[in-house]
Amino acid sequence: MMSRLLDSDVQQFLRDHENADERKLVLSGQLPVGVTAADIGRQLVGRRKARTKLPLWYHAVGALYPPLVNLEQSSSEITARFKAFLARELIPERKRGVDLTQGFGVDSHFLAQQFSEWHSVEPDKSLLDIAAHNHRLLAGSNIHYHLIPAVDFINDQHQPFDFIYIDPSRRKGSQRSVQLADHEPNVVALQPRIWSLTNHVLIKASPMLDLSQMMREIRHLTHLVVVGVDNEVKELLGWAKKDFAGGPSIVAINLSGNDPLGNGWANRFSFTPDEEMAAQSTFGPLKPYVYEPWAPLLKAGPFKLLGQRFGLTKLDVNTHFYTSAERQTHFPGRIFEVVTSLKLDKHVSAQFEGQQANIISRNHPLSVAEICRKTQLTEGGTEYVLAFRAEGKPMAVKAIRIQ
């Protein structure tokens, strides 16, 4: 079936009907001869998903896609490129590397480019075949494939690797798990064997995982990286180096679709748990400028240190907004200029063009939906409503975004 999907008439059909409703298309009886409705539906869904998540695959004529669940679990192109950047920056000698959990193979494609020899491990033959086909299509030539579970592969190895990457599955049947020990393979239990084979390990975990859990359960962590893309947390990465005995640096980075590497490390906020513990917040009233940290920073949690490093006043202990009289242009997040204070009632909407506003609620009694109902505002436009608690009292302001 794979070979038929690659035929030029089928590939043209997929491109021509990319935006069609696959269910209606199946019922129309217009499918190419020799392919199943399920295969056509899978490829159409995959192409639509890849258009933004995996543009390299999307533009490659002949790329094939697995079931949607596998595509959703795979890294995006931008986060995979970032992992390859980390490998290039943090590993001095890159001869032999392995991805123990290849899946659809996005991470393997970019990581393999940093190594002389790359190994990809995947127990699902269909998934492995699709990934291998796409790798060849995208000019990957140094990848060796292993149809075997990760635990069996690693237990059979005697030659060391310069780097091991692992993205354990967070699904058990229909259930999703956040706990590292419940992932497949169990990376916590596998550590002794891993450290007998390599000096560098990168672990991708659920963005829902508590950072303190990874610090407790994964040995030799040097960096704990919260990766965001366009201000949405996407991945939590644990980088570990054999025999490293210090505490990890926590790094928050916000990648942009317009800048795949986010200027590399230059666009990061890095700190240690001890630095955050020792930092002191300064609290005070609202000033002309309001600062909202990136989503990855809110996940990483340097709430006292952020204000201290940038000389900002925090509005309230649980309000993760900061304020200043003078604009601090290098703040890692969005910056707003206050226009006026607001009373959240039905008269507010008249102050906004088209009765629209982008509404942000932080530590305020009203949710965004409740503010919309109370003010008769709809979400949108270019102006903002910032609702928060400052000095123990709920407040709301009209603001414009300046960064």
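## Gly284 and the basis of the model

Gly284 is placed in the loop that runs between α13 (273-278) and β12 (289-293). Helices (H or I, at least four residues) and strands (E, at least two) are DSSP runs, numbered from the N terminus. The model is a predicted one, in which local features need pLDDT of at least 70 and side-chain atom pairs count only at pLDDT 80 or more, while totals for chains, interfaces and linings use all residues. Residues are numbered from 1 along each chain as its sequence is written, and side-chain values use heavy atoms, with hydrogens and water left out.

Gly284 is buried, with a relative accessible area of 6%; buried means under 20% relative accessible area, exposed over 50%, and partly exposed in between (1.4 Å probe, protein chains only). Leaving aside residues up to four places away in sequence, Gly284 touches Thr313, Lys314, Leu315 and Glu391, where contact means heavy atoms within 4.5 Å. Of these, Leu315 is 31 residues apart from Gly284 in sequence, and the two C-alpha atoms are 5.9 Å apart in space.

## The open sheet

Nine strands make up an open sheet with mixed pairing, in the order β3-β2-β1-β4-β7-β9-β8-β10-β11. Because β3 (143-146) and β11 (268-271) stand at the edges with a single partner strand each, one side of each is left without a neighbour in the sheet. On average, neighbouring strands are turned by 15 degrees against each other, direction ignored. Axes are lines fitted to C-alpha atoms, for helices over the stretch in contact, and angles run from 0 to 180 degrees between N-to-C directions. Helix α11 (residues 187-195) packs on this sheet, where it touches β4 (163-166), β7 (200-205) and β9 (232-241). The direction of α11 makes about 165 degrees with that of β7.

Strands of a sheet pair through backbone hydrogen bonds, either parallel or antiparallel. Here two strands count as paired if DSSP finds at least two bridges between them. Strand β8 (residues 221-229) is mostly covered, with eight of its nine residues buried. β8 pairs with β9 in the antiparallel sense over eight bridges, and His223 stands opposite Trp239 in β9. The hairpin of β8 and β9 has two residues between the strands, and in it Asp230 takes a positive phi near 50 degrees. β8 is also joined to β10 by seven bridges, and these two strands run parallel. Val227 has Ile253 in β10 as its bridge partner, and Ile253 in turn is the bridge partner of Arg268 in β11. β10 (residues 249-255) and β11 run antiparallel and share four bridges.

## Two further loop residues

Not counting residues up to four places away in sequence, its contacts are Pro168, Ser169, Arg170, Ser177 and Val178.

Asp124 belongs to the loop between β2 (117-121) and α9 (125-137). Asp124 is partly exposed, with a relative accessible area of 36%. Its C-alpha atom is separated by 9.7 Å from that of Gln102, 22 residues apart along the chain.

## Cavities and a pocket

Grid points are joined across faces, edges and corners, and a volume is the space filled by probe spheres set on the points. The whole structure holds two cavities of 30 Å³ or more. The largest cavity has a volume of about 50 Å³, and α2 gives the most to its lining, with three residues.

The second largest cavity has a volume of about 40 Å³. Val187, Gln191, Ile194, Trp195, Val201, Ile203 and Ile218 line this cavity, and α11 supplies the largest share, four residues. The second largest pocket has a volume of about 150 Å³; its lining includes Asn231, Trp294 and Arg401.

Definitions and conventions
On a 1 Å grid over the protein atoms alone, a cavity is a set of points where a 1.4 Å probe fits but cannot get out, and a pocket is an open set with protein on both sides within 12 Å along at least five of seven lines; lining residues have an atom within 4 Å of a point.
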